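Please read it alongside the sequence and the 3D view.

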Amino acid sequence: MIPLAKAMGVGVEESDDHALVLVAPKEPNKNSLNTAFGGSLVSLATLAGYGVVWELMRDEKDAVKPKWHIVVKESRAAYRRPVIGDLRAICERPAQAAIAEFKEALSRYGKAKLKLRARVIEGGQTAVDVQAAFVVTR
């Protein structure tokens with residue numbers, strides 16, 4: 001659904017009740033220093049957060065599904081270290097209480113915001129930390 005994801009070569013490594021993990025090869029996402037391009041890193045992390053929200057909306061069990069729109073309201077990225085190899089972003093799913101609050105607001109107002117944290121990880125260390133707020137509307 002998002003052309004940038006295709007151009008980056010994004011794939012799903014894992015999607016379970018705990019987290020969504022996205023991966024992308026380094027080659028189409030590298031910079032002139034032969035490390036991962038910063039824009040690709042933040043994009044992959046943002047896509048991981050978007051994917052978590054999208055999956056929450058896809059899992060809605062209403063008989064008649066309303067059409068929802070997901071947008072990034074705000075985000076902040078902290079670049080901690082370069083990424084030398086392939087890109088890997090992890091977005092942990094929010095706690096059940098946060099999901100319930102989000103869905104209640106969505107049901108009541110037709111609009112809700114969910115704050116998520118996604119990280120680009122390499123060698124067990126956080127290379128990029130992205131905090132983003134996603135808004136879902138009808």
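The text below covers the sheet, its strand pairs, a helix and a surface patch. The model is predicted, not experimental.

Six strands make up an open sheet in the order 1-2-4-5-6-3, and their pairing is antiparallel. Its edges are strand 1 (11-15) and strand 3 (69-79), each of which pairs on one side only. On average, neighbouring strands in this sheet are turned by 25 degrees against each other, direction ignored.

| Pair | Bridges | Residues standing opposite |
|---|---|---|
| Strand 2 and strand 4 | six bridges | Val23 and Arg88 |
| Strand 4 and strand 5 | three bridges | Ala89 and Val120 |
| Strand 5 and strand 6 | 12 bridges | Glu122 and Gln125 |

Strand 2 spans residues 19-24 and strand 4 spans residues 87-92. Strand 5 and strand 6 form a hairpin with two residues between the strands, and Gly123 in this hairpin has a positive phi near 60 degrees.

**Helix on the sheet**

Helix 3 (residues 96-109) lies across strand 5 (111-122) and strand 6 (125-137). The angle between helix 3 and strand 5 is about 145 degrees.

**Surface patch**

A nonpolar patch on the surface is formed by Met1, Ile2, Leu4 and Trp54, which together have about 420 Å² of accessible area. Ile2 belongs to the segment before helix 1 (3-8). Is Ile2 buried, partly exposed or exposed? Ile2 counts as partly exposed because its relative accessibility is 31%, and partly exposed covers the range between under 20% (buried) and over 50% (exposed).

Methods
Residues are numbered from 1 along each chain as its sequence is written. This is a predicted model: local features need pLDDT of at least 70, side-chain atom pairs count only at pLDDT 80 or more; totals for chains, interfaces and linings use all residues. Side-chain values use heavy atoms; hydrogens and water are left out. Patches are made of residues with over 30% relative accessible area and no salt bridge: like charges are joined within 9 Å, nonpolar side chains (Val, Leu, Ile, Met, Phe, Trp, Tyr) within 5 Å. Accessible areas come from the Shrake-Rupley method with a 1.4 Å probe; for residues, only the protein chains shown count as cover. A salt bridge is a side-chain nitrogen of Lys or Arg within 4 Å of a carboxyl oxygen of Asp or Glu. Helices (H or I, at least four residues) and strands (E, at least two) are DSSP runs, numbered from the N terminus. Buried means under 20% relative accessible area, exposed over 50%, partly exposed in between (1.4 Å probe, protein chains only). Two strands pair if DSSP finds at least two bridges between them. Axes are lines fitted to C-alpha atoms, for helices over the stretch in contact, and angles run from 0 to 180 degrees between N-to-C directions. Contact means heavy atoms within 4.5 Å.
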